[in-house]
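The following exercises are to be worked with the sequence and the structure at hand. Each task is followed by a solution in steps.

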Amino acid sequence: MVNISNLWHYLALQSPLHSTTLSGDSFNITTMGLTTYTLPALPYAYDALEPHISAQIMELHHSKHHQAYVTNLNKALESHAAALAANDVAAQIALQQAIKFNGGGHINHSLFWKNLAPTGSEETRPDAAKELVAAIEKTWGSFDSFKKAFSATLLSLQGSGWGWLVKEAGNGGGLRIVTTKDQDPVVGGDVPIFGVDMWEHAYYLQYLNGKAAYVENIWNVINWETAEARFSGRSDEKTEL
């Protein structure tokens, strides 16, 4: 079961916020710490990742799919806040899956857009992540071995989900490759360094059923500068629930 309080706190740190008040004099949603969330702008144009990810996919993925998660998250949080005010425990429980799914979709995509960068830019060069690449080579033996392991993990996903390189919680801070189902976010204190969306809507219009080609080409638009900032703790993003 998702921790609603932690998810709200995370989303409050992650997104542009606008206070919302429900109708009625006795219930003000702002006093409960609830906010509405808006679709974050992409840090590049829709066609910036071509030819590896088409402008058509990026526009649909961002303006339709991500927007749907934001819209449905707002609706679920409003309903949950109303259920809290009414002390309706059954309704609160029933809404947890919708909050987890849509909140996770918003979190994952907000991170995803930032861990991609325009084709040919300096950010897409692994040289932009010297500390991270050194840690990768220490863990997997070589950068190429890591890429093979990560790609194999992505292609082994059954159904919809995400593949992540994460920095483990705790003093060790080691690296590992993990997957999350559907729109589940990375939890438990691990820091997502970068993630790859393996839902069909992320690639199907361009690659059809060619998942392997999508995985091969997405390496060309990974933002290693952002990955380095997340790995080193210099990122201003909040990546933990």
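**Exercise 1. Locate H109 and describe its surroundings.**

Solution. The model is a predicted one. Within it, H109 is found in helix α3, which comprises residues 89–114. The next step is its accessibility: buried means under 20% relative accessible area. H109 has a relative accessible area of 0% and is therefore buried. Its contacts follow, with neighbours within four places in sequence left aside: H109 touches H61, H66, Y69, W162, Q183, D197 and H201. Finally, the backbone oxygen of G105 lies 2.7 Å from the side chain of H109.

**Exercise 2. Determine where the residues annotated as "binding site" lie relative to one another.**

Solution. An unreviewed UniProt entry assigns the feature "binding site" to H61, H109, D197 and H201. In sequence these positions span 141 residues, yet no two of their C-alpha atoms are more than 12.4 Å apart, so they gather at one spot.

**Exercise 3. Characterise the packing of α4 against α5.**

Solution. Two packed helices are described by the angle between their axes and the distance between the axes. For α4 (residues 130–140) and α5 (residues 143–156), the angle is about 75° and the axes are 8 Å apart. Angles of 65 to 115 degrees count as roughly perpendicular, and α4 is therefore roughly perpendicular to α5. The contact brings V133, I136, E137 and W140 of α4 against F143, S145, F146 and A149 of α5. By class, these residues comprise six nonpolar, one polar and one charged.

**Exercise 4. Summarise the chain as a whole.**

Solution. Count the elements: the chain has eight helices and five strands. Then read their order along the sequence, which is α-β-β-α-α-α-α-β-β-β-α-α-α. Turning to burial, 47% of the 241 residues count as buried. As for contacts between residues at least 6 apart in sequence, 69% join residues at least 24 apart.

Technical notes:
Residues numbered from 1 in each chain as written. Predicted model: local features only at pLDDT ≥ 70, side-chain atom pairs only at ≥ 80, totals over all residues. Heavy atoms only, no water. Axes fitted to C-alpha atoms, helices over the stretch in contact; angles between N-to-C directions. Helix = DSSP H or I, 4+ residues; strand = E, 2+ residues; numbered from the N terminus. Parallel < 35°, antiparallel > 145°, perpendicular 65-115°, else oblique. Contact = heavy atoms within 4.5 Å. Nonpolar A, V, L, I, M, F, W, Y, C, P; charged D, E, K, R; others polar. UniProt positions renumbered as here; feature names shortened; annotations may be inferred. Buried < 20%, exposed > 50% of the residue type's maximum accessible area, 1.4 Å probe, protein only. Polar contact = N/O pair within 3.5 Å; in protein donor to acceptor, adjacent residues only side chain to side chain.
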